Amino acid sequence: MKTLDGLVKEMAGKTHLQQAEFAGAEVQLEGELTQITTDYLACVQTESPGPLMLVRHEGELLKRQLLEYSVGDGVRMTTRFIAMTSDPDSYHFNLVSIVRLYTSEAKDKEKREAEEKREAEEKSKSSCFVATAAYGSPNLAVWILLEYRDRILTRALMGRMAVRFYYAMSPPFARFIATSSWRRRLARLLLGPVIFVARRQLDAHQSVSGCNGRSTKSLDASRGSVFRMKLL
């Protein structure tokens, strides 16, 4: 049984008379339905761009089956080739059988879940788990540590390794800290020297790099109470 890609390659460069020799060839098609009418199905490939597939369906059995299908469903069809047209570029087939691979609703759900997962991963990567648990968010202390990560740590190999190790190990500690006020207070006390060093290095980095961004001092004044540091 041929595939659409195989059929297209075999027919390339042939005359209309030569292409007519392919009529009746059995071809397996996979794609996504874009239109369902009383006589035809329109389908496009999802993996790679390709020509429009127009599939004629006949018979009450197929029509009853197609009543359960919707635009956007993924399908696999066994067909017989009729002809091709170049305006627009499309291939015409007769439908022999059809199987649904997925529904449009399932695809939309999968897409939403993938997007939510991506957003959650981006959010987690932009957070400092332990500092957020200790100080809350937004907070200047959290911002300083994030800036220190992005501006200094991730510029060196050892720093990137340290960041990866931190994100792998810190979530359980952050959850442990977040459930107790005295543990949050202790974490703030321990993080104080780290934040002090990070802030000094950021200011030094700022003075070397010039005007590429604002210093932590200017952010203190501009963010006010929203980012007020509370070390104890």
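Colleague: Why is Arg 76 called partly exposed?

Modeller: Its relative accessible area is 33%. Buried means under 20% and exposed over 50%, with partly exposed in between (1.4 Å probe, protein chains only), so Arg 76 at 33% counts as partly exposed. Bear in mind that this is a predicted model, where local features need pLDDT of at least 70, side-chain atom pairs count only at pLDDT 80 or more, and totals for chains, interfaces and linings use all residues. Residues are numbered from 1 along each chain as its sequence is written, and side-chain values use heavy atoms, with hydrogens and water left out.

Colleague: What makes Glu 30 and Arg 76 a salt bridge?

Modeller: The term needs a side-chain nitrogen of Lys or Arg within 4 Å of a carboxyl oxygen of Asp or Glu. For Glu 30 and Arg 76 the closest N and O atoms are 2.8 Å apart, so the pair qualifies. The structure holds 8 salt bridges.

Colleague: How do you know that Asp 73 is buried?

Modeller: Asp 73 has 1% relative accessibility, and that is under the 20% cut-off, so Asp 73 is buried.

Colleague: And why does Arg 100 form a salt bridge with Asp 73 by that definition?

Modeller: Their closest N and O atoms are 3.1 Å apart, which is within 4 Å, so the pair counts. Arg 100 itself is partly exposed, at 29%.

Colleague: What makes Lys 2 partly exposed?

Modeller: Lys 2 has 24% relative accessibility, which falls between 20% and 50%, so the label is partly exposed.
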